[in-house]
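Hello,

Here is the structure I promised to pass on. Please open it beside this message, and my notes will follow below.

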Amino acid sequence: MKRLPDAELAVMQALWDGEIPVARAVLETRLQDTHPMAATTLLTLLTRLAEKGFVKIEKTGRAALYIPLVSREEYLAEQGRRFFRTLCGGNLSTFASALCDSGLSKEELATLRDLLDRDAL
């Protein structure tokens, strides 16, 4: 699964953030504050996402509803694996160092350590 461009990822996040299926107008509202875009641009992005297999488009007359085919968790897991393999060379020490250098606070790192200790991940 390839990494999505920022605009397509913003649309996917809007899809993941609420009830499904979603109408275009609802997506526009969800995106309004963070990624405002014209209706035609949104429709183009949704079509691209459908072509890539990320979204299913259900036509109902002239209207359409949009359903994510890839969950947020699936996407995040794949991108995490890709980061680990590609940028860290599959080296756990390099990955851990990058995570520590990413700007996470000591509290966030402690939470991560606790999750690992409790086998909660």
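This is a predicted model: local features need pLDDT of at least 70, side-chain atom pairs count only at pLDDT 80 or more; totals for chains, interfaces and linings use all residues.

Residues are numbered from 1 along each chain as its sequence is written, and side-chain values use heavy atoms, with hydrogens and water left out.

The largest nonpolar core has 21 residues, and Met12, Leu15, Leu27 and Phe54 have the most contacts inside it. Such a core is a set of buried Ala, Val, Leu, Ile, Met, Phe, Trp, Tyr and Cys residues joined through side-chain atoms within 4.5 Å. Buried means under 20% relative accessible area, exposed over 50%, and partly exposed in between (1.4 Å probe, protein chains only). At least two residues of this core come from each of helix H1 (6–16), helix H2 (24–31), H3 and S3, and H1 gives the largest share, seven residues. Helices (H or I, at least four residues) and strands (E, at least two) are DSSP runs, numbered from the N terminus.

Eight of its eleven residues are buried, among them Leu9, Met12 and Trp16. The buried residues of H1 pack against S1, H2, H3, S2, S3 and helix H4 (72–87).

How are H2 and H3 placed relative to each other? They pack at an angle of about 105°, with axes 11 Å apart, and are therefore roughly perpendicular; that word covers 65 to 115 degrees. Axes are lines fitted to C-alpha atoms, for helices over the stretch in contact, and angles run from 0 to 180 degrees between N-to-C directions. Arg24, Leu27, Glu28 and Leu31 in H2 meet Ala39, Leu42, Leu43 and Leu46 in H3.

Now to the sheet. It is open, with three strands in the order S1-S3-S2 and antiparallel pairing; strands S1 (22–23) and S2 (55–60) are the edges, each pairing on one side only. Two strands pair if DSSP finds at least two bridges between them. S1 and S3 (residues 63–68) have two bridges, and Ala23 is the bridge partner of Leu65 in S3. S2 and S3 have six bridges and form a hairpin with two residues between them, where Gly61 in the turn has a positive phi of about 70°. Helix H3 (residues 39–51) lies across S2 and S3, at about 120° to S2.

Most residues other than glycine have a negative phi, and most peptide bonds are trans. A cis peptide bond joins Ile20 and Pro21, with omega about 0°, and Pro21 sits in the loop between H1 and S1. Asp119, not a glycine, has a positive phi of about 55°; Asp119 is exposed, at 67% relative accessibility.

The disulfide count is zero.

Best wishes

Definitions and conventions. A disulfide is a pair of cysteine sulfur atoms within 2.5 Å. Contact means heavy atoms within 4.5 Å. Angles under 35 degrees count as roughly parallel, over 145 as roughly antiparallel, 65 to 115 as roughly perpendicular and the rest as oblique.
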